[in-house]
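Dear colleague,

I am handing over the structure we spoke about, and below it you will find what came out of a look through it. Please read the notes with the model open beside them.

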Amino acid sequence: GFIILDFGSQFTQLIARRLRELGFYSEIHSYKYSAEEIRKKNPYGIILSGGPNSVYEEGSPQRDIKELRNISPLLGVCYGMQLLSHQLGGKVTKAQHREYGLNYVTWTSVLKDVPKKQKVWMSHGDVVETAPEGFEIIANSDGNHPAAMRSENVLAVQFHPEVAHTEHGLDLLRYFAQEMCHAPADWDAPHIKDHLMEEVRKQVGETDHVLVGLSGGVDSTVVATLLTKALGAERVHCVFVDNGLLRKNEFENVLESYKGLGLNVKGVDASREFLSELKGKTDPEEKRKTIGRVFIEVFDKSYDKKLPIKWLAQGTLYPDVIESVSSIGGSVTIKSHHNVGGLPEKMHLGLVEPVRELFKDEVRALGAQLGLPHAMLWRHPFPGPGLAIRVLGEVTEERLRILKDCDDVYISELRRHGLYEKIWQAFCVLLPVKTVGVQGDSRTYDHVLALRAVTSSDGMTADWYPFEFQFLRDVSNLITNKVKGVNRVVYDVTSKPPGTIEWE
Ligand code: XMP
């Protein structure tokens with residue numbers, strides 16, 4: 001595949017995604033990833049990402065380019081282009097005019113499939129003033145800076161081909177992969193499936209058994225199905241815990257569909273334990289921690305200790321992995337997502353993470369390849385702590401009942417109007433606020449319910465969904481008429497940031 005060296009750009013992940021969309025497997029590593037490791041992977045090509053630094057700054061991330069050049073063809077993007085120039089004897093300086101956002105470049109030597117003049121997305125303050133020896137400048141920006149250069153086995157661009165606003169960005173990446181690296185475009189769902197089944201068999205071996213925690217969501221379902229196909233149902237033990245915090249009838253419905261998929265699954269009803277442990281707790285982090293702890297206790301008791309279980313499988317995805325290897329900067333914990341944190345150590349199990357190299361869209365494609373039904377693959381994400389973080393304040397049985405009923409009305413309406421799959425995530429939040437209302441001829445004093453619906457591509461950022469007023473009017477009427485305990489409905493019009501998707 002391809003190796004992407006990350007110099008800290010916010011778009012590094014996009015480079016990997018775009019290459020994979022084109023059918024080229026690619027993986028991201030820190031810019032410090034050793035040449036020896038890279039050589040072992042025998043990559044078709046290496047891509048140097050953008051980054052926030054200036055190459056001539058003290059302490060900026062550096063890398064021996066000559067060494068890399070001896071391994072495979074190189075593509076430098078933005079900072080990557082500047083670094084190439086800097087290291088190979090060209091000259092990089094501060095630009096007189098920074099170029100941010102949309103810009104035009106004109107090619108002097110046209111690459112396959114790319115027109116002479118095109119729109120690109122730029123974000124840089126430095127420019128290559130003089131290209132290194134052996135390089136030809138092949139495009140210029142409107143501000144008359146070099147926008148692309150190449151030598152025999154190195155291509156470098158000042159703009160971001162991975163960003164959707166750059167026209168023909170995919171063509172440029174394809175040109176690099178196919179014409180310069182001669183890579184086959186063979187990364188597709190059937191290939192991914194075969195590759196992962198083989199990997200799983202290698203990792204787990206001939207006799208070990210594997211434990212899988214199912215959540216009803218896409219990732220764990222795909223993982224369980226993949227493992228079951230690879231190892232056989234006798235060796236793959238799935239556990240689906242009812243924490244009492246699932247949507248209305250969710251436990252029964254999902255358990256049923258799991259059995260239909262041929263999974264060896266055990267449903268464990270632990271709703272009493274969760275609810276009693278949550279009693280009196282109102283702080284969001286305390287609620288999350290409690291649920292995490294009880295989950296581990298329940299899960300630990302859920303399977304037969306005499307079975308030769310040596311592995312715990314998890315639906316970790318590539319974005320989670322990248323967050324933890326990110327070479328520059330790091331993210332702060334905004335909320336603790338602890339669904340399974342600490343579990344493998346405590347249980348002395350090895351970790352199997354078969355989809356840790358995949359993005360969400362690849363997991364869905366893999367799921368389809370494994371024969372999972374469409375509706376299962378396109379379910380909205382659902383948080384580990386479940387409805388507990390949507391009943392603000394203390395979680396009681398009565399409040400959960402109200403929330404489940406409201407949620408049921410809302411989601412059914414979304415489906416009825418064909419809106420469900422246009423939305424990343426939609427849910428209700430029961431507020432610990434009561435207001436006065438009038439229903440029939442009497443005064444009421446009941447809860448406020450908030451509706452939330454957001455669009456997003458990865459949950460990292462999100463925008464609220466612009467429903468038609470009539471839809472909101474109908475849902476509000478249905479809820480206040482049908483669900484006892486709610487007399488007022490509001491719609492959340494906050495994006496992320498500054499809000500988060502969930503309210504707790
Ligand atoms: P926030 O609220 O942080 O959520 O914007 C981003 C995405 O993560 C989901 N979420 C969780 N998922 N365990 C999970 O598996 C958790 O503890 C958790 N908390 C939030 C949230 O639903 C959204 O999709």
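Helix H4, residues 79-87, lies across strands S3, S4, S5 (91-107), S6 and S9 (154-157), and it runs at about 115° to S4. Please bear in mind throughout that this is a predicted model.

The strands that H4 lies across belong to an open sheet of 9 strands with mixed pairing, in the order S2-S1-S3-S4-S9-S8-S7-S5-S6. Strand S2 (26-30) and strand S6 (117-130) stand at the edges with a single partner strand each, so one side of each has no neighbour in the sheet. From one strand to the next, the twist averages 20°. Helix H1, residues 12-21, also packs on the sheet, where it touches S1 (2-6), S2, S3 and S4, and its direction makes about 160° with that of S2. Within the sheet, S3 (residues 45-48) and S4 (residues 74-77) pair in the parallel sense over 3 bridges, and Leu 48 stands opposite Gly 76 in S4.

A second topic is an annotation: the unreviewed UniProt entry lists a "binding site" that includes Gly 217 and Asp 219. Gly 217 sits in the loop between strand S10 (209-214) and helix H7 (218-231), whereas Asp 219 is found in helix H7. Gly 217 has 17 other C-beta atoms within 10 Å and is therefore partly exposed; Asp 219, with 19 C-beta neighbours inside 10 Å, also counts as partly exposed. Leaving aside neighbours within four places in sequence, Gly 217 is in contact with Arg 379, Pro 381 and Phe 382, while Asp 219, counted likewise, touches Gly 315, Leu 317, Val 355 and Val 363.

Technical notes
Residues are numbered from 1 along each chain as its sequence is written. This is a predicted model: local features need pLDDT of at least 70, side-chain atom pairs count only at pLDDT 80 or more; totals for chains, interfaces and linings use all residues. Two strands pair if DSSP finds at least two bridges between them. Helices (H or I, at least four residues) and strands (E, at least two) are DSSP runs, numbered from the N terminus. Axes are lines fitted to C-alpha atoms, for helices over the stretch in contact, and angles run from 0 to 180 degrees between N-to-C directions. Two residues are in contact if their C-beta atoms, placed from the backbone, lie within 7 Å. UniProt positions are given in the numbering used here, feature names are shortened, and annotations may be inferred rather than shown by experiment. A residue is buried if 20 or more other C-beta atoms lie within 10 Å of its own, exposed if 12 or fewer, and partly exposed in between; C-beta atoms are placed from the backbone.
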